[in-house]
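Subject: Structure for your review, with notes

Dear colleague,

I am passing on the structure below, and my notes on what was found in it follow directly after. Please read them with the coordinates open beside you.

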Amino acid sequence: MTNEEMSRKARWIRRQILEMIAASRRGHIGGAFSCTDILTVLYYGECMRFDPRRPQWPERDRFLLSKGHSCVALYVILADLGFFPFSELQSYCVEGSMLGGHPDRHIPGVEADTGSLGHGLGIAAGMALAGSMDNKEYTTFALLGDGECHEGSVWEAAMFAAHHRLKNLVAIVDRNRQCATDYTEDCNALDPLPNKWKSFGWDTMEVDGHSMGAIAAALRPARNRSSDRPLVIIANTIKGKGVSFMEANVSWHHGIPSGRELEIARQELTLE
Amino acid sequence: MVSSLANIDIRDAFFDSLYDIAKEDRNVVFLTADMGARSLDKFKADLPGQYSNVGIAEQNMVSVAAGLSLSGKRVFIYAIAPFVTQRCYEQVKVDISGMNLPVTIVGIGAGISYTSDGLSHHATQDVAVMRALPNIAIYTPADCQSASMTAFLSYKSDGPTYVRLDKGAYPVLYGKQERFTLGIAELKKGKDVLIISTGIMTHQALTICDELTKRGMSPGVADLYRIKPLNCQAVLDLLGSYSRIVTMEEHSIVGGIGSAISELLTDHGICDKPLKRVALDDANCKGYGDRAWVHLQHGMDVNTVTQMILQWSATKGN
């Protein structure tokens, strides 16, 4: 896909997210919107190897949504790509659905259960280590929230990955500068975040997390790097991106739009 | 019973067995959170590609184990028991139990094995918290034979296992023919009181049994080497011939095997078999001393338990 096509796709994905959350009145809309562009580039921008008809294909690249609460964005993409029927999205959070508020590995295309923050990078490191032990060519990608980086276990995993020279591991941090109820720099400052990763032995990049071109430029070469270090991409994003009144507003971590707000959001997320 | 292994350290028996397994199956991976054992040295030396010290980082060790397991590895993780169960409990809950992965969690230092190291190093709530997690089998070997077989059973398991390992050499209780599939073994058959014990407390139970026998009683001893899944039918079958039950464990009285047996009796409506639970009081470390001293403080020593059973048996009812 071209950058322009991916931008249109991302806008369409955000609209689906909006409708799912509005209908079920469940979900974390702000964080789903902040990482939508990243996920779009990962899945539509020729960055990862996968086959929706064979979710367990041994040579596939692995993707871990460590910030599991943003799963609605992932569900839309997996359904759109054909990992499971698109109609399944209508069952989101309804009794008996396979699609819950945090992803689990029974969903085709989901590698591991996530939801509790600070687990995904360690799991991804284990997968990358197994790939390295077995001389497999797959790359493991993990998407973390920036608030998630408050968890000590993230840094345990960061140390481990650097020590084992897991060059087949790529972490992306959705740096939307918010956690659930606050701004990260106001409650437990993370800056300078790239320096922290660098000092832990990671190759570090910082990109505009809403520029399809910038994300793709960082991610596409990630599978074939000459470095023997793991790579982290700090993607600077805006929580609630795409809907004006949600952007950078802490009320929309898991706010549910309705009434006039929903109308405005729909208008802003309508494809021209 | 006929012993087939020399009287070796329980921990060494487990790791020697695991070494043999790992040598045959290069998919076996061993992670340690900076904990060693003499018997692990040859594992590390001979199978370096299957051994990794992840440092003092139990949370990450559990998540890495999950990632390895999801990639087809047979993973064993190892640290001091409270650290590999409680420090990383949430990772065990979500990553191991939640995904039902065949990862074996090996905790060294059952109960108060790390005696004078105090509260932080005591595993006295581990059974309670691990028992609350679905899917996880819990083993507490009492001798080198059961420890050796536990390595094999956990390797073969389709789901997660927690092995509560003790240190030290104890008399061998089982013969080589024992397959350890029942979950409980009646080591001494009796008629009036049955002591159900786990781990090294089984040796204490056998000593108490001898004392009670000298005083004219006919006690039995059953070793509950697998705490979960509890083989309810096997336990019920054992209870049939006894009139009273005592449980013995080096664990808090809250949530251990005493609780498990009590739940079993309640769930099956068994009201005619009174139960006494011998365990550590619901209290933090009462001071520093050796294991025998701690047992004395908690009324778990041979003399106190023997007297308790004698007096109890002389009364009617509970």
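Helices (H or I, at least four residues) and strands (E, at least two) are DSSP runs numbered from the N terminus, while axes are lines fitted to C-alpha atoms, for helices over the stretch in contact, with angles running from 0 to 180 degrees between N-to-C directions. Please keep in mind that this is a predicted model, in which local features need pLDDT of at least 70 and side-chain atom pairs count only at pLDDT 80 or more, whereas totals for chains, interfaces and linings use all residues. Residues are numbered from 1 along each chain as its sequence is written, and chains are lettered from A and ligands numbered from 1 in the order in which they are written.

Together with A:Ile17 and A:Ala125, B:Ile77 touches the most other members of the largest nonpolar core, which has 179 residues. Such a core is a set of buried Ala, Val, Leu, Ile, Met, Phe, Trp, Tyr and Cys residues joined through C-beta atoms within 7 Å, and a residue is buried if 20 or more other C-beta atoms lie within 10 Å of its own, exposed if 12 or fewer, and partly exposed in between. Helix α2 (residues 29-44) of chain A gives the largest share of this core, 10 residues. Domain 1 (10-165) and domain 2 (185-312) of chain B, with bounds from an automatic or database domain assignment, both give residues to this core, so it lies between them.

The C-alpha centres of these two domains of chain B lie 26 Å apart, and 22 residues of domain 1 are in contact with 26 residues of domain 2. On the domain 1 side, α6 (126-131) and β5 of chain B each supply at least two residues.

As for the two chains, 21 residues of chain B are in contact with 20 residues of chain A. On the chain B side, α3 (58-70) and α5 (89-97) are the elements that give two or more residues, and α3(B) gives the largest share, 9 residues.

Chain A has an open sheet of 5 strands with parallel pairing, in the order β1-β2-β3-β5-β4. Its edge strands, β1 (62-65) and β4 (203-208), each pair on one side only. Six bridges, written 6 in my notes, join β4(A) to β5 (residues 231-236) of chain A, and A:Asp208 has A:Asn236 as its bridge partner in β5(A).

Best regards

Technical notes
Two residues are in contact if their C-beta atoms, placed from the backbone, lie within 7 Å. Two strands pair if DSSP finds at least two bridges between them.
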